[in-house]
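Please look over the sequence and the structure first, and then follow the text from one detail to the next.

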Amino acid sequence: MTPLSSWAPRRPTGEHTELVDLVTLDDIEEAAARIRAFVLRTPLLPAPWAGDEERPLWVKPESLQSIGAFKVRGAFNAIGHLDESVRTRGVVAYSSGNHAQAVAYAAAVYAVPAHIVMPEETPNVKVAATRSHGARVVLCAAGQRERVAAEVVEETGGVLIPPFDHPDIIAGQGTIGLEIAEDLPNVDTVLVPVSGGGLASGIGTAVKALCPNARVIGVEPELAADTAEGLRVGHRVDWSIEARNRTIADGLRSQPSELTFAHLRHVLDDVVTVTEDEIRSAVVKLAARAHLVSEPSGAVALAAYRKGSSLAGRTVIIVSGGNIEVALLREILGA
């Protein structure tokens with residue numbers, strides 16, 4: 001696998017894109033060994049409260065990770081894979097929050113500088129948490145994260161750790177799929193939130209390799225359903241940042257890269273979309289019945305499960321993160 005220090009993402013050239021190398025099960029197993037000492041092997045929790053005997057439910061609570069989200073897996077794999085002489089120059093990331101916290105935390109563990117670019121509309125809880133790990137936070141206008149991050153890389157000489165657009169990130173997130181396959185090898189359906197696509201790409205790769213009869217279903221908010229549209233028409237589509245920012249699920253406002261879209265086309269059986277009200281209701285259900293705090297982005301898989309009578313068999317949902325502003329959580333729970 002090409003290291004981050006010498007890798008550059010391929011950029012789309014219209015509807016037809018050049019072939020990309022897909023992450024393999026071997027890559028994900030190597031990532032699992034690399035990150036084992038740094039991340040929580042989250043349990044697979046049975047959810048009898050779901051009340052559907054034909055679709056028994058299990059919850060994979062990545063919200064229990066040290067930084068409150070699955071992103072820590074990809075961050076540790078990417079930073080841990082760097083040559084030490086490169087890593088000591090520091091790392092740069094851009095993120096609406098969870099990847100920012102993950103890179104800041106992993107950089108602190110490796111004792112290297114971290115410079116994190118975050119949009120100005122990022123929830124304060126995520127900005128504060130990123131700074132708490134010792135990272136320098138650079139705020140930017142909506143839609144400017146990549147441009148500002150490139151300037152910070154030029155300024156600092158650090159290595160960019162992208163939120164999803166690299167094989168190391170995909171492989172790190174794919175370790176969740178390994179754990180699902182180990183704990184529930186006869187799983188029928190896995191519901192995964194989709195934004196930039198790194199999580200679904202990695203989990204889908206692992207699950208399809210180890211549980212070939214399982215269906216992997218992506219889940220998006222209706223207000224940020226660019227992946228659903230792209231898979232329907234057969235190529236990546238672009239939704240404006242203003243359109244995607246309408247959803248309460250702030251962690252699902254990114255769009256797939258060429259790399260992740262190629263994976264999604266290969267591993268997803270379908271994409272389900274959910275409404276804002278369905279997302280809010282799922283946050284309440286996770287708090288009341290699973291005793292889990294979930295951010296809206298982390299609750300979309302449960303929202304899809306609750307509306308999807310066509311989703312069959314033993315089902316796993318990924319609760320991808322729990323970093324939610326207290327005021328927003330209070331508002332949703334009181335609704």
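Predicted model: local features only at pLDDT ≥ 70, side-chain atom pairs only at ≥ 80, totals over all residues.

With a relative accessibility of 1%, Phe-76 counts as buried, because the limit for that word is under 20%.

**Aromatic rings**

A pair of aromatic rings is described by the distance of the centres and the angle of the planes. The rings of Phe-76 and Tyr-110 have centres 6.3 Å apart and planes at 45°, so this pair is tilted. Phe-76 belongs to helix α2, while Tyr-110 is in the loop between α4 and β4 (114-119), so the pair ties together parts that are 34 residues apart in sequence. The count of aromatic pairs comes to four. In another of these pairs, Phe-76 and Tyr-105 have ring centres 5.7 Å apart and planes at 85°, so the arrangement is edge-to-face. Here helix α2 (residues 71-81) supplies Phe-76 and helix α4 (residues 98-109) supplies Tyr-105, so the parts tied together are 29 residues apart in sequence. Tyr-105 is partly exposed at 23% relative accessibility, and Tyr-110 is also partly exposed, with a relative accessible area of 23%. Phe-38, Phe-76, Tyr-105 and Tyr-110 form one aromatic cluster.

Strands of a sheet pair through backbone hydrogen bonds, either parallel or antiparallel. In this model, four strands make up an open sheet with the order β5-β4-β3-β6, and their pairing is parallel. Its edge strands are β5 (136-140) and β6 (159-160), each of which pairs on one side only. Between strand β3 (residues 91-94) and β4 there are four bridges, in the parallel sense. Ala-93 stands opposite Ile-116 in β4, and the bridge partner of Tyr-94 in β4 is Val-117.

Is β4 mostly covered or mostly open? Strand β4 is mostly covered, since six of its six residues are buried. Ala-114, Ile-116 and Met-118 point one way from β4, whereas His-115, Val-117 and Pro-119 point the other way, and all of them are buried.

**Two domains**

The protein chain is divided into domain 1 (25-70 + 166-334) and domain 2 (90-157). The contact between them takes 15 residues from domain 1 and 17 residues from domain 2. Taken over C-alpha atoms, the centres of domain 1 and domain 2 are separated by 23 Å. The size of an interface is often given as the accessible area lost when the parts come together. For domain 1 and domain 2 the buried area is about 1,200 Å², and carbon and sulfur atoms give 54% of it.

**Single residues**

Some individual positions complete the picture, and the table gives the accessibility of several of them.

| Residue | Relative accessible area | State |
|---|---|---|
| His-263 | 1% | buried |
| Asp-250 | 11% | buried |
| His-291 | 66% | exposed |
| Ala-111 | 67% | exposed |

His-263 is found in helix α11 (residues 258-267). Leaving aside neighbours within four places in sequence, His-263 is in contact with Asp-21, Leu-22, Val-23, Ile-170, Ser-201 and Thr-205.

Asp-250 has its place in the loop between α10 (241-244) and α11. When residues up to four places away in sequence are not counted, Asp-250 touches Ser-96, Pro-123, Lys-126 and Ser-297. The C-alpha atoms of Asp-250 and Leu-286 are separated by 18 Å, and these residues are 36 residues apart along the chain.

Ala-111, in the loop between α4 and β4, has a positive phi of about 60° although it is not a glycine. His-291, which lies in the loop between α12 (276-290) and α13 (296-307), has a phi near 60°, again a positive value in a residue other than glycine.

Key
Residues numbered from 1 in each chain as written. Heavy atoms only, no water. Phe/Tyr/Trp six-rings, centres within 6.5 Å; stacked < 30°, edge-to-face > 60°. Helix = DSSP H or I, 4+ residues; strand = E, 2+ residues; numbered from the N terminus. Buried < 20%, exposed > 50% of the residue type's maximum accessible area, 1.4 Å probe, protein only. Pairing = 2+ DSSP bridges. Domains from an automatic or database assignment. Contact = heavy atoms within 4.5 Å. Buried area = accessible area lost by both parts, 1.4 Å probe.
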